[in-house]
Amino acid sequence: MNIVACIKQVPDTSEVKIDRETNTLIREGVPSIINPFDLNAIEEGLLLKERFGGSVTVISMGPPQVESALREALSLGVDRVVLLCDRAFAGSDTLATSCTLAAAIREIGFDLILCGKQAIDGDTAQVGPEIAEWLDVPHLTYISAVEEVSDRSITVSRLLEGGYERVRASLPALLTVVKELNEPRLPGYRASLRAKTEPVTTWGAAGLNLDPANIGMKGSPTKVTRSFVPELGRQGQFLAGSPEEQAAALIAALRSARIVHGSAKES
Amino acid sequence: MKLYSDRCAGCEACVNACPYNAVTMQGGLPVFSDACNLCGACVEACPSEAIERPGNGGPAVEASPHRGIWIFGETKDGQPTRVVLELLAVGRRLAEKTGQDLGVVLAGDRLGTMPQNLIAFGADRVFLVEHPDLAVFRDEPYTAVLAAAIKQYRPSILLFGATTTGRSLAPRLAARLRTGLTADCTALDIDPESGNLLQTRPAFGGNIMATIMCPVNRPQMATMRPGVQKPATRDGGRTGEVIRLETGPSLLLARTEVLGFINRNEEMVNLEEASVIVSGGRGLGCAENFSLVRELAALLGGVVGASRAAVEEGWLPYAHQVGQTGKTVSPRLYIACGISGAVQHLAGMQGSDIIVAINRNPDAPIFKVASYGMVGDVVQILKSLIEQL
Ligand SMILES: Cc1cc2nc3c(=O)[nH]c(=O)nc-3n(C[C@H](O)[C@H](O)[C@H](O)COP(=O)(O)OP(=O)(O)OC[C@H]3O[C@@H](n4cnc5c(N)ncnc54)[C@H](O)[C@@H]3O)c2cc1C
Ligand SMILES: Cc1cc2nc3c(=O)[nH]c(=O)nc-3n(C[C@H](O)[C@H](O)[C@H](O)COP(=O)(O)OP(=O)(O)OC[C@H]3O[C@@H](n4cnc5c(N)ncnc54)[C@H](O)[C@@H]3O)c2cc1C
């Protein structure tokens with residue numbers, strides 16, 4: 001089974017803090033990490049390879065420093081890593097990103113593509129399903145368990161709002177995965193040694209047979225017109241008095257916000 | 001990024017604002033490295049308007065013959081999901097602003113009176129596709145059916161709930177239509193100048209808000225976070241049109257097969273869609289006191305949430321956990337009972353409209369994000385609230 005896992009290098013958003021004075025992000029000391037869900041994608045690729053043979057290739061599109069994320073993937077034991085790096089890719093939205101990744105995946109060849117549920121910086125969860133559409137393969141999102149794999153199909157559980165949906169897809173297919181799926185391994189000793197020296201294959205736009213109209217800023221229908229740090233602090237107020245008095249004051253406030261009454265009657 | 005060096009004061013606000021570490025100062029001026037992904041945080045941070053995003057305000061293509069605001073009518077157990085009603089309220093406002101019709105595209109099997117029901121909730125037209133193969137949602141046939149309807153009727157805007165279904169279907173459809181899709185929006189409006197849809201969404205784990213437009217491609221697509229907007233109200237007197245769409249074997253092709261659904265019975269709670277959440281933390285002291293939280297939630301028509309500490313105590317199952325490693329919620333009302341307000345908890349609930357914090361420690365960090373703070377014993381305050389409601 002030939003498996004391609006897509007990973008994105010992201011700033012660790014849980015380390016991001018806000019400077020309340022200037023209302024900007026404090027970036028100092030915020031480390032770059034592999035998107036957490038993508039570690040589950042790599043792990044599942046390795047587990048499937050251990051059971052069924054084949055290879056695991058990890059690809060990432062991004063600036064040159066993404067090489068460190070790919071070396072980390074090598075230290076986990078993947079067979080090969082490919083960096084998609086070209087100034088022409090800058091400013092890609094999810095449509096252009098997925099188009100570029102799809103072209104590279106086609107070039108590599110695949111039975112199964114694994115993506116994270118979503119990237120913790122862009123947070124869209126769109127790149128996976130869009131890749132599947134560019135490649136005309138079925139996709140299944142929010143995978144929390146892989147139950148069965150045959151030559152032609154894969155049976156999985158999807159983690160949805162009220163429970164788990166069991167679904168089978170024909171192969172080749174694309175899955176996006178959630179944390180529940182597995183416990184990512186730690187780097188191996190020998191793989192870590194190899195990760196230091198192994199060459200990282202780098203591809204640009206030219207080798208990938210991409211229509212320039214579909215990539216980078218030009219291939220991106222969405223335009224970010226404004227971005228801002230939201231006000232986190234609220235102009236809150238303490239309610240005064242005994243528990244009874246505070247409760248009365250709160251209920252009055254909720255009544256004027258139409259929460260008490262309105263919502264109690266809604267279906 | 002484009003720099004107007006004559007305006008730059010060298011203040012380094014952009015360096016600090018950049019979430020990607022892509023800006024450094026060289027010779028007193030900012031330099032943007034390859035790590036820059038044009039997110040624009042620096043544009044907003046710059047006090048002297050010296051930075052511009054390249055290529056903004058692109059070709060203002062004359063509004064094409066695309067007309068109509070459409071909503072994907074996601075259903076569950078024979079009912080439209082709550083977020084569909086929220087989208088109907090938002091869609092109605094957009095329709096009024098732009099003088100367009102509000103449509104719902106509804107796929108499924110034996111949907112009965114649902115089209116009329118959606119009209120009563122604000123739709124002008126319901127585009128209906130019924131077929132046994134559409135009874136259970138699957139990405140491929142739903143994508144094909146919607147794509148065919150869109151090619152025929154050419155709506156200008158297409159909205160989905162940001163549910164697991166919406167976030168799976170919408171990107172596949174957007175890629176097929178070669179158009180833009182904005183994820184998980186919390187606000188939608190019309191740009192008065194261009195008439196384009198202004199789509200505002202949190203990114204970066206809620207640390208950044210971005211407003212996004214899709215100026216050229218059509219339809220303009222967005223998924224909208226459930227629970228942020230008020231649902232539409234029913235008006236049985238409204239009239240509208242039901243348009244039945246044809247389907248055929250080529251549209252119904254699917255390479256996936258749904259084998260079954262397993263309810264997580266302890267996890268029936270649907271925090272993401274709730275408009276009121278009452279959460280309890282370690283400050284409740286014991287499992288028994290959680291019944292007060294349940295009672296208050298029931299009185300307010302809401303559901304029960306929990307901090308990780310409360311889950312770790314075994315007072316509630318994990319499905320109720322709110323926060324970085326639990327659910328992210330944005331109800332209209334969030335009441336935190338005996339929760340200290342650790343950043344990991346705040347990450348999951350600070351998008352709520354009204355936050356009420358009940359804690360005996362007036363310095364607890366939860367009060368920093370609270371709209372209303374109540375200092376005192378959580379059990380007493382909960383009892384008073386329940387009594388007076
Ligand atoms: C503030 C902000 C808001 C944005 N909003 C939108 C928006 O609403 N719509 C839109 O189309 N674009 C948007 N973008 C652009 C978008 O973030 C980029 O296109 C990004 O490269 C991919 O989207 P994502 O980070 O959301 O990834 P997701 O779609 O959340 O990622 C899902 C999975 O896809 C794979 N993947 C994603 N990116 C890569 C990559 N570069 N290399 C390899 N694998 C990858 C990973 O497996 C990942 O787990 C926004 C950008 C910013 C800065
Ligand atoms: C990687 C990581 C991920 C995490 N993810 C999450 C997450 O998803 N969600 C989450 O919630 N936490 C998460 N946590 C844990 C988080 O850091 C806190 O430990 C947790 O939120 C604390 O829960 P608490 O507020 O209920 O308990 P405590 O911090 O113990 O607070 C109890 C509060 O109750 C008050 N109190 C006590 N008695 C009374 C009384 N009688 N009347 C009124 N007030 C009283 C106290 O003043 C105190 O403020 C995470 C931590 C880590 C490291």
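**Figure 1. Polar contacts cross the interface of chain A and chain B.** In this predicted model, 34 residue pairs are in polar contact across the interface of chain A and chain B, both partners being at pLDDT 80 or more. Chain A brings 86 residues to the contact. Chain B brings 99 residues. About 8400 Å² is buried between the two chains. Carbon and sulfur atoms give 54% of that area.

**Figure 2. A salt bridge links A:R226 and B:E44.** The closest N and O atoms of A:R226 and B:E44 are 3.2 Å apart. That separation meets the salt-bridge rule because the cut-off is 4 Å between a side-chain nitrogen of Lys or Arg and a carboxyl oxygen of Asp or Glu. Between chain A and chain B the count is six salt bridges.

**Figure 3. Ligand 1 sits in a site shared between chains.** The surrounding residues number 34. The closest are A:C6, A:K8, A:D38, A:T94 and A:T124.

**Figure 4. Oxygen atoms of ligand 1 approach polar atoms of the protein.** In the side chain of A:T94, an N or O atom is 2.7 Å from an oxygen atom of ligand 1. A:T94 is also listed among the closest residues around the ligand. For A:N35, the distance from a side-chain N or O atom to a ligand oxygen is 3.1 Å. Chain B takes part through its backbone: a polar backbone atom of B:A183 is 3.1 Å from an oxygen atom of ligand 1. On its own, ligand 1 has 940 Å² of accessible area, and the protein covers 96% of it.

**Figure 5. Chain B is divided into three stretches, domain 1 (2-52), domain 2 (69-251) and domain 3 (276-388).** B:E44, the salt-bridge partner of A:R226, has a number within the bounds of domain 1. B:A183, whose backbone approaches ligand 1, has a number within the bounds of domain 2.

**Figure 6. Domain 2 of chain B meets domain 3 of chain B.** Five residues of domain 2 are in contact with five residues of domain 3. The C-alpha centres of these two domains lie 33 Å apart. Together the domains bury about 390 Å². Carbon and sulfur atoms account for 39% of this area. The count of salt bridges between domain 2 and domain 3 is zero. On the domain 2 side, the touching residues are two nonpolar, one polar and two charged.

Terms used:
Residues numbered from 1 in each chain as written. Chains lettered and ligands numbered in written order. Predicted model: local features only at pLDDT ≥ 70, side-chain atom pairs only at ≥ 80, totals over all residues. Heavy atoms only, no water. Domains from an automatic or database assignment. Contact = heavy atoms within 4.5 Å. Buried area = accessible area lost by both parts, 1.4 Å probe. Nonpolar A, V, L, I, M, F, W, Y, C, P; charged D, E, K, R; others polar. Near = heavy atom within 4 Å. Polar contact = N/O pair within 3.5 Å; in protein donor to acceptor, adjacent residues only side chain to side chain. Areas by Shrake-Rupley, 256 points an atom, 1.4 Å probe, with all protein chains shown as cover.
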